[in-house]
Amino acid sequence: MTFQFGPIPDPDKDGIMEVHHYRRAVDDYERDGALFDSPMLKHWFVVNVCDELLGEDAMYKYSPQELFEKLQEFSKDAQAFTDMCEEHDCRVTLDDMEYQRQCSH
């Protein structure tokens with residue numbers, strides 16, 4: 001999934017300043033610290049993270065508590081997987097969208 005920016009504003013309907021803010025938010029996507037001072041980008045970021053966690057429109061379907069709990073669950077699962085791989089000296093690579101597990105024991 002690629003990062004989804006919001007819909008491009010119509011300058012006739014939304015105004016030229018809204019188009020300017022949109023372009024600036026798109027340009028800010030790669031700037032360090034941009035989430036701090038770019039409200040439009042911050043909103044898109046939250047929408048994208050929620051969609052990654054629980055699917056399309058998750059931000060509108062679930063409470064912030066549910067989303068945060070799911071994030072915690074994924075974090076714990078990822079840490080457990082990392083710990084398991086370190087314990088067994090494994091390396092996981094992504095090749096053609098399939099995981100290949102290579103262990104040295």
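1. Asp 28 is buried, with a relative accessible area of 8%; buried means under 20% relative accessible area, exposed over 50%, and partly exposed in between, with a 1.4 Å probe and protein chains only. The side chain of Asp 28 meets that of Arg 31 in a salt bridge, at 3.2 Å from N to O. A salt bridge is here a side-chain nitrogen of Lys or Arg within 4 Å of a carboxyl oxygen of Asp or Glu. Side chains of opposite charge can pair when their charged atoms come close.

2. The model is a predicted one, in which local features need pLDDT of at least 70 and side-chain atom pairs count only at pLDDT 80 or more, while totals for chains, interfaces and linings use all residues. Residues are numbered from 1 along each chain as its sequence is written, and side-chain values use heavy atoms, with hydrogens and water left out.

3. Arg 31 also forms a salt bridge with Asp 37, the closest N and O atoms being 2.7 Å apart. Arg 31 counts as partly exposed, at 33% relative accessibility, and Asp 37 is likewise partly exposed, with a relative accessible area of 42%.

4. The count of salt bridges in the model comes to three. Besides the two pairs that involve Arg 31, the side chains of Lys 70 and Glu 73 meet at 3.4 Å, N to O. Lys 70 and Glu 73 are separated by about one helical turn, because they lie three residues apart in helix α6 (residues 64–87). Lys 70 is partly exposed at 23% relative accessibility, and Glu 73 is partly exposed with a relative accessible area of 38%. Through shared partners, salt bridges join Asp 28, Arg 31 and Asp 37 into one network.

5. As to the overall fold, the protein has six helices and two strands, and from the N terminus on its elements run α-α-α-α-α-α-β-β. Helices (H or I, at least four residues) and strands (E, at least two) are DSSP runs, numbered from the N terminus. Of the 105 residues, 19% count as buried. Among contacts between residues at least 6 apart in sequence, 17% join residues at least 24 apart; contact means heavy atoms within 4.5 Å.

6. Helix α2 (residues 16–28) has 13 residues and reaches 18 Å from its first C-alpha to its last, close to the 18 Å expected at 1.5 Å a residue. The expected span is 1.5 Å times one less than the number of residues in the helix. The buried residues of α2 are Val 19, Tyr 22, Ala 25 and Asp 28. Their cover includes α1 (11–14), α3 (34–37) and α4 (39–54).

7. Which residues make up the largest nonpolar core? It has six: Phe 3, Tyr 22, Ala 25, Ala 34, Leu 41 and Trp 44. The elements that give two or more residues to this core are α2 and α4. A nonpolar core is a set of buried Ala, Val, Leu, Ile, Met, Phe, Trp, Tyr and Cys residues joined through side-chain atoms within 4.5 Å. Leaving aside neighbours within four places in sequence, Ala 34 is in contact with Asp 28 and Leu 41.

8. Ser 38 lies in the loop between α3 and α4 and counts as buried, at 6% relative accessibility. Not counting residues up to four places away in sequence, Ser 38 touches Ala 25 and Asp 28.

9. On the surface, Leu 35, Phe 45, Val 46 and Val 49 form a nonpolar patch with about 270 Å² of accessible area together. Patches are made of residues with over 30% relative accessible area and no salt bridge, like charges being joined within 9 Å and nonpolar side chains (Val, Leu, Ile, Met, Phe, Trp, Tyr) within 5 Å. Helix α4 gives the most to the patch, with three residues. Val 46, found in α4, is partly exposed, with a relative accessible area of 37%.

10. The accessible surface of the protein comes to about 8500 Å², of which 53% belongs to carbon and sulfur atoms. Accessible areas come from the Shrake-Rupley method with a 1.4 Å probe, and for residues only the protein chains shown count as cover.

11. Glu 66 is found in helix α6 and is partly exposed, with a relative accessible area of 39%. The C-alpha atoms of Glu 66 and Leu 54, 12 residues apart along the chain, are separated by 9.8 Å.
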